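Hello,

Here is the structure we talked about passing on to you. Please have a look at it first, and then read my notes below.

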Amino acid sequence: MLTQAPKGTQDMLPKDAHRWHAIEKAMRDVCALAGYREIRTPMFEHTELFQRGVGDTTDVVQKEMYTFFDKGNRSITLKPEGTAGVVRAFIESHMYADPLPAKMYYCAAPNFRYEKPQSGRLRQFHQNGVEVFGAKDASTDAEVIRLAMDVLNRCGIDGLKLSVNSIGCPVCRKAYNEKLRAYLEPKLPGLCETCRDRFQRNPMRILDCKEDAAKLTDAPSMLENLCPECAEHFEKLQAYLSALGLNYEIDPRIVRGLDYYTKTVFEIITDTANGPLTVCGGGRYDGLVEELGGPATPGIGFGMGVERMIMVQDSQGVAPEAPLLYDAFVVTMGDDARREGLKLVYELRNAGVKADMDHAARSMKAQFKYADKVGAKKVIVMAGDELLGGVVKLRDMEHSTEEIVPRGEIVGKIKG
């Protein structure tokens, strides 16, 4: 239908804009304090970028991407996540030749996944995220996690639980995958078709299966099979998190849904009426830049869904109040007064005062009603007698008081 948004999408209405702005401001403010700069990448990329970067064994690539051929017969995909595009920009712009680490963030970036719409999960959704390139020490992991917690806290969200894990590197994961396959092989007949398909290519992804994960609680743990380097990195991460005063739990079941992760993975979860909800997730991807054609460069990042944050704010009763639409409203009567009123409105705006006047040819009584409905605290009355006397009436709507103010002083008085 022409008058109905496509399934899995929703409008950001004017009445909700302040909530998005507040979340974006929290992200920008926290990132600025830590030296992160904004990046914006296209909403679509060449499909191969996601096939190679995200991984062809993931649900995202196999089932959820919006892919089409453009008029040049090129396969194009609306981006399903933010990291791959930022890595592409990092390589294409030769940012690896700049002083590292390169610390970047994005705000309310649109992403697209074709999946069943449900609470907190849409087909077009928006993410805040950060990406850091060129910093291999676990202190970076701790900084990224703390930054995510700070953004969520600034948005009033509490009851957060931080879970961390290490999924190793290609060196230790190779041996672990053999152990995992030996464990999984006798169970394959009872697993879903997707898991059977992943058995040879990426058995660790089977542990992330929504359908089968509960059957595999006794699977061997990656944490018990880390190589010395990955084990040391994970120990350092825990020490850094403690130094930052962050409470955390180790959850060996965290795998994350994308193939590029290495070593650290984490999730930030809050409880809702419908059960636990992941509001932020991320991790390290030390091989991704090289995989996509750049020089070997470590990386780490996170993504947090804006719609989910808004939903959690609602459930916790911490949604920010809408700001006043107008500081002052100018009520006029007669053409001469309307001309002078329009002039005054722009004087007020130029002075940084949110102001407006009637543009619907209402009566004075209706103008006062409208000013009250839009929450204007001050009403300035300009009519024949006031114009002749070089004054205006200033009415305080909150306290029901009124005073006469010289026309030349009204802007300063309202601003003050």
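**Leucine 180 and the cores**

Leucine 180 sits in helix 6, which spans residues 170-184; helices (H or I, at least four residues) and strands (E, at least two) are DSSP runs, numbered from the N terminus. Before going further, please note that this is a predicted model, in which local features need pLDDT of at least 70 and side-chain atom pairs count only at pLDDT 80 or more, while totals for chains, interfaces and linings use all residues. Residues are numbered from 1 along each chain as its sequence is written, and side-chain values use heavy atoms, with hydrogens and water left out.

Is leucine 180 buried or exposed? With a relative accessible area of 0%, leucine 180 is buried (buried means under 20% relative accessible area, exposed over 50%, partly exposed in between; 1.4 Å probe, protein chains only). Not counting residues up to four places away in sequence, leucine 180 touches Pro203, Met204, Leu207, Ala219 and Pro220, where contact means heavy atoms within 4.5 Å.

Leu180 also belongs to the largest nonpolar core, which has 50 residues; Leu180 is one of the members that touch the most others, together with Val87, Phe90, Met104, Phe133 and Leu184. A nonpolar core here is a set of buried Ala, Val, Leu, Ile, Met, Phe, Trp, Tyr and Cys residues joined through side-chain atoms within 4.5 Å. Among the elements that give two or more residues to this core are helix 2 (47-53), strand 5 (102-112) and helix 6. Helix 4 gives the most, with six residues. A second, separate core of 43 residues includes Val30, Val132, Leu237 and Leu241.

**Salt bridges**

There are 30 salt bridges in the structure, each one a side-chain nitrogen of Lys or Arg within 4 Å of a carboxyl oxygen of Asp or Glu.

- Arginine 52 pairs with glutamate 48 at 4.0 Å, N to O. Because they are four residues apart in helix 2, about one helical turn separates them. Arginine 52 is partly exposed at 39%, and glutamate 48 is partly exposed at 49%.
- Arginine 338 pairs with aspartate 358 at 3.8 Å, N to O. Arginine 338 is in helix 11 and aspartate 358 in the loop between strand 13 and helix 12, so the pair ties together parts that are 20 residues apart in sequence. Aspartate 358 is buried at 1%, whereas arginine 338 is partly exposed at 28%.
- Asp141, Glu229, Lys263, Arg284 and Asp286 form a linked network of salt bridges.

Best wishes
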